Amino acid sequence: MKRLSLTLLLMFALSAWAQKYEIAFYVPQCTDTILYLGQHYRDEFRPIDSARVQGQSGDAMVIFKGKKQFEPGIYCLYSKGKKTTQLLDFTIDGSQKFSIRLSPAHDVLEVKGSPANQAMFDYLARVKNASSQAKDINNRKKSSDPSTRTKAEHEMETLTDIMTRYEDSIFSVNSKYRFFHLAKTFGGPHVPDGVADKPYYFRAHFWDGVDLSDHSLVNTPDLFNKMNYYFFGVLYNADADTICKYADRVLTSIQHDTLMLRYFLDFITPRYFRSTKNIGWDAVWCHLVRQYYLADKCPWALPSDISNKQAKVEQLEKSLIGAIGAELWMADTNQSPDQRDWISSHRFPQKYVILWFWDPDCHHCQEQTATLKTLYDSLSAAGNKIFEVYAVGFESDVPKWIKYVRDHQLPFVNVGGTNVNIDYQEAYNVHGAPTMIILNEERRIIMNKVIPTKSILPFLERYEKQR
């Protein structure tokens, strides 16, 4: 009996040793049958475990068990129904056997067995409360009553001081935990007092203190949030050259680190390509492709992807801001087959030329063409027509286009049809209507996005001032 008891005890001990993690969540009003334990990867979740929800929806529970030993970091609990829904971010650090009880709104009510999670949730609750106070104080700072504003400013100074001392203390006490290390790492940059150009300093020092050689950062929401905010927040309104400059500062520092380089490029590159509104972003896309994909720095990219990107770059570069616009020769509404009757897009006395590719069947084109006509007529009447409109009918039904031009008495240089010297769709990357290209006196492209008619003159004024 003693030998059998010893054997049983050994089996139980081995079983307990083999069970590396056991994490329970109490999720009231949960309607899902399966929940997932995952890691962050950019704006997605990578599942690492799944478990069936137990109990009734009013007192549902899910338990994740396994033999894996998790690295300290930030993990997430999420569901996959019609769409992926994040329920909670939590930390695995130290103990890997713990439980978290949530409210129906997914607020944390109770933590057992994990001091790291308790410290994290206490801190987040304190920050949330302070943010709510700050919002209320900021509203009172807008008051028309001077005494109310003064009191609010004093309260804000007090709250800032309290939170600064609180964070210094809690970060020091909990420095051993991964969450607080990450919060400190991604908290900057701090702009010192007395810095003259604060936006420049902020951009230049944005990544200070972030060790991009640490691959574990790719599985945190912090790296994604910082990357996303940097490129599409801090640099959002910068010109293409500035975006490329600061992008290269980050990307060249990790260009020999395939994992980290792919983390950045696979996210930011498509967003610069897909933009239809941001001026100059197509140039950023071309730069990123040439600098990294076409320079053999992206071993994960398939040959077909590289080939497609190269073809697209060569096409886009023809219509980038700063490029010399291809000269078009096209027939007007008379549709003469004689090239000597065709009209050039470049040979006008006006300083600027607006290439306007439009379709009479497109409702948006009709609206924009009408407002462009109003502006054109008013400038002509005032003797101040600083631009010519070279309006290309983007319509295969030539008689329909001609009828529309004549019925609406469009005063532009109206051209269209198949009598043309080159493929203007290829030359100017025209794949839909309306498309607007503005050429300067050298017939270089200075705008390749559709801007509202009311913005044309302000844009040209800014352009001349910048020159």
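Analyst: Two strands pair if DSSP finds at least two bridges between them. The model discussed here is a predicted one.

User: What makes β9 and β13 a pair of strands?

Analyst: Strand β9 (residues 329–332) and strand β13 (residues 413–420) are joined by 2 bridges. The definition asks for at least two, so the two strands count as paired. They run antiparallel, and M330 has V420 as its bridge partner in β13.

User: Why are β10 and β15 called edge strands?

Analyst: The open sheet has 7 strands, in the order β10-β9-β13-β12-β11-β14-β15, with mixed pairing. Both β10 (343–344) and β15 (445–447) pair on one side only, and they are the edge strands. Helix α12 (residues 398–407) packs on this sheet and touches β9, β11 (352–358), β12 (387–393) and β13. The direction of α12 makes about 170° with that of β13.

User: How do you know that β1 pairs with β4 and with β7?

Analyst: Strand β1 (residues 21–26) is joined to strand β4 (residues 61–66) by 6 bridges, and to strand β7 (residues 97–102) by 5 bridges. In β4, M61 is the bridge partner of Y26; in β7, I100 stands opposite F25.

User: Why is C76 called buried, and why is C298?

Analyst: The term applies under 20% relative accessible area. C76 has 0% relative accessibility, so C76 is buried. C298 has a relative accessible area of 5%, so C298 is buried as well.

User: What makes up the contact of α7 with α9?

Analyst: Residues of α7, including I243, C244 and L251, meet residues of α9, among them W281, L288 and Y292. The contact divides into 10 nonpolar, 2 polar and 1 charged residues. The axes of α7 (residues 240–251) and α9 (residues 281–293) come within 9 Å and cross at roughly 35°, in a right-handed crossing.

Technical notes
Residues are numbered from 1 along each chain as its sequence is written. This is a predicted model: local features need pLDDT of at least 70, side-chain atom pairs count only at pLDDT 80 or more; totals for chains, interfaces and linings use all residues. Side-chain values use heavy atoms; hydrogens and water are left out. Helices (H or I, at least four residues) and strands (E, at least two) are DSSP runs, numbered from the N terminus. Contact means heavy atoms within 4.5 Å. Axes are lines fitted to C-alpha atoms, for helices over the stretch in contact, and angles run from 0 to 180 degrees between N-to-C directions. Buried means under 20% relative accessible area, exposed over 50%, partly exposed in between (1.4 Å probe, protein chains only). A crossing is left-handed if the near helix is turned anticlockwise from the far one by less than a right angle, and right-handed if clockwise. Ala, Val, Leu, Ile, Met, Phe, Trp, Tyr, Cys and Pro count as nonpolar, Asp, Glu, Lys and Arg as charged, and the others, Gly among them, as polar.
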